[in-house]
Amino acid sequence: MRGPEPPDLLDTLSGRVELRIPNRPEWVAVARLTVSAIANRLPFSVEDIEDLKLAIAEACTTVIQAGEGEGTIDIACETSPSELTIHVRDRRPNRTDVFAERSEASGTEGLGVFLIQALMDEVRHTVDAQAGTELVMIKRVGA
Amino acid sequence: MDIKVNVRESSDDAYVVELGGEIDVYTSPKVKDAITELIDQGHYNLVINLEKVRYIDSTGLGVLIGGLKRVREHGGSVNLVCTNPQIKKIFDITGLVKIFGIFDDEVGAQKALA
């Protein structure tokens with residue numbers, strides 16, 4: 001007698017999780033722990049997971065430092081067997097493209113975005129007047 | 001989320017700031033306050049022990065850099081104690097290994113201040 005079919009890896013490791021946090025420092029740890037838990041479902045190394053925790057924290061911190069308490073930070077994590085894509089949307093009213101500003105900043109102000117770019121495999125950001133500025137970060141398994 | 005800050009005087013006219021937990025945008029002001037207080041009191045040779053720190057981000061790095069800049073204005077120095085490979089990696093990526101003395105233990109960090 002045959003047992004149940006093994007689950008399709010694509011089905012078990014693919015998904016989307018959304019999180020909305022207040023734009024305040026005390027909530028960054030929630031984003032960090034959530035991304036860590038999601039990354040743990042994929043075959044990332046411990047070092048990769050630490051990189052992801054730092055990258056999501058830096059993305060949230062960049063928004064918070066631009067205007068603490070204004071609006072929310074919307075985070076979406078999309079998983080597949082080979083990569084984790086994290087969307088971080090700045091929902092502050094009257095926002096500017098803070099990710100572009102910080103990437104051009106000198107000194108310690110630019111450190112956060114610099115770290116994101118150094119630790120992730122792919123980083124891009126888009127500006128939408130209605131939806132807000134979005135940073136997209138991709139980490140690939142085994143890259 | 002937690003951060004522990006313990007300040008103590010060492011034997012060689014230096015102060016040790018022992019940190020534990022996570023240093024991020026929420027907790028780094030507490031670290032900044034401790035370092036600022038020491039500098040305001042005229043203590044310009046500091047060892048910052050990161051051995052019990054599990055996590056540090058750019059705001060934490062910014063606090064350390066700010067402290068180093070201030071003590072250097074008075075001819076002082078900041079040495080770090082760090083053994084966590086992930087945290088060492090962050091200092092490496094950012095190039096901060098070139099501006100901080102980074103040691104495996106407090107004894108080495110204190111000797112290098114002298």
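# A walk through chains A and B

Start by selecting helix H3 of chain A, residues 46-66: its 21 residues reach 31 Å from first C-alpha to last, close to the 30 Å expected at 1.5 Å a residue. That expected span is 1.5 Å times one less than the number of residues. Helices (H or I, at least four residues) and strands (E, at least two) are DSSP runs, numbered from the N terminus.

Before you click on, know that this is a predicted model, where local features need pLDDT of at least 70 and side-chain atom pairs count only at pLDDT 80 or more, while totals for chains, interfaces and linings use all residues. Residues are numbered from 1 along each chain as its sequence is written, and chains are lettered from A and ligands numbered from 1 in the order in which they are written.

Stay on H3(A): is it mostly covered or mostly open? It's mostly covered, with 17 of its 21 residues buried. Buried means 20 or more other C-beta atoms within 10 Å of a residue's own; exposed means 12 or fewer, and partly exposed is in between, with C-beta atoms placed from the backbone.

Now colour the largest nonpolar core, which has 63 residues; Ala55(A), Ile56(A), Cys60(A) and Ile48(B) have the most contacts inside it. H3(A) gives the most to this core, 10 residues. A nonpolar core is a set of buried Ala, Val, Leu, Ile, Met, Phe, Trp, Tyr and Cys residues joined through C-beta atoms within 7 Å.

Next, pick Lys139(A), in strand E5 (residues 133-140) of chain A. Why does Lys139(A) count as buried? Because it has 22 C-beta neighbours inside 10 Å. Leaving out residues up to four places away in sequence, Lys139(A) touches several residues, including Asp48(A), Asp51(A) and Glu83(A). Contact means C-beta atoms, placed from the backbone, within 7 Å.

Hop over to chain B, where 13 residues are in contact with 16 residues of chain A. Helices H2 (58-72) and H3 (85-93) of chain B each supply at least two residues of the side that touches chain A. H2(B) brings the largest share, 5 residues.

Last stop: select strands E1 (3-9) and E2 (15-23) of chain B, antiparallel and joined by 7 bridges. Strands pair if DSSP finds at least two bridges between them. Glu9(B) has Tyr15(B) as its bridge partner in E2(B).

How values were computed. Two residues are in contact if their C-beta atoms, placed from the backbone, lie within 7 Å.
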